[in-house]
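Q: Could you take me through the interface of chain A and chain B in some detail? I would like to follow it from the overall contact to the individual residue pairs.

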Number of protein chains: 2
Amino acid sequence: MTNKITTTWLGNMKFESTNPSGQNLFIDAGEENGGNNEGYRPKALMLSGLAGCAGLDVASLIKKMKLDVNSFKIEIEADLTEEHPKYYDKVSMDFHFYGDNLDEKKLQKTVDLSAEKYCGVLEMFRQFAEVSINSFLHKK
Amino acid sequence: MTNKITTTWLGNMKFESTNPSGQNLFIDAGEENGGNNEGYRPKALMLSGLAGCAGLDVASLIKKMKLDVNSFKIEIEADLTEEHPKYYDKVSMDFHFYGDNLDEKKLQKTVDLSAEKYCGVLEMFRQFAEVSINSFLHKK
């Protein structure tokens, strides 16, 4: 399969980018870098791509395995190198699950399946970053 | 520097993800994959991150070098592998510049500086994909 996107300059530091969903997104620099903050910072879109990819796997497995989960979130901290070109060299990805009746083993299995089998974005991140993945269960 | 983002499950296949710009974005699967298409596909966000990163470099250099450009866009075609985990293994990135008075050499220099020196996202892509970059000039 091929993904195609077009990203168009709108003047100054602002861009509009297509997405296979049919919904466009805006990219802009912050005022400190000559932009007007009218869009997302592009590098961090990589992290939303990572969280979204793994999140969709886990959400799909929660459904398939009929697990009882009130909510979950993924927190990512990614260190950038100091020198140009600045890339993410160390990434930590924490899954937080919330619920009164969480099945620790099965939830860990959803994370493991995403990390080891399904998540293509994580596979890409592993080629340039040291990635650590942790899961936390919260009663609520 | 560290980038931190939080991505929260909103039920079914929908997520809300933060961005350092302060603007949140939504991620969702399409209806064919159990979602409601109320957000971006996460994997392609990587491509918007790539185009945005290089685009900001080029926009910034156009300004600094006082180049006469009416508009420009970046078209990306990225091939996904067939087997899980599906990742982008081949990426082509075409810069299209539009204007009546384009300076070919200097515009090529903006692209080269981004590709070889500044664009951290491109540096990450090079670790997992074969990336080809081309520039095209259009009179208009």
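**The interface of chain A and chain B**

A: Happy to. Across this interface the rule finds 28 residue pairs in polar contact, both residues being at pLDDT 80 or more; a polar contact is a pair of N or O atoms within 3.5 Å, where one must be able to donate a hydrogen and the other to accept it, and residues adjacent in sequence count only if both atoms are side-chain atoms. This is a predicted model, in which local features need pLDDT of at least 70 and side-chain atom pairs count only at pLDDT 80 or more, while totals for interfaces use all residues. Residues are numbered from 1 along each chain as its sequence is written, and side-chain values use heavy atoms, without hydrogens or water.

On the chain A side, the elements giving two or more residues include strand E1 (2–9), strand E4 (71–80) and helix H1 (42–64); helices (H or I, at least four residues) and strands (E, at least two) are DSSP runs, numbered from the N terminus. H1(A) gives the most, with 17 residues.

In total, 73 residues of chain A are in contact (heavy atoms within 4.5 Å) with 73 residues of chain B.

The rule also finds two salt bridges across the interface, each a side-chain nitrogen of Lys or Arg within 4 Å of a carboxyl oxygen of Asp or Glu. One of them joins A:Lys4 and B:Glu77, at 3.7 Å from N to O.

Strands meet here too: E4(A) runs antiparallel to strand E1 (residues 2–9) of chain B, and seven bridges join them; pairing takes at least two DSSP bridges. Within that pairing, A:Ile76 has B:Ile5 as its bridge partner.

Methods. Chains lettered and ligands numbered in written order.
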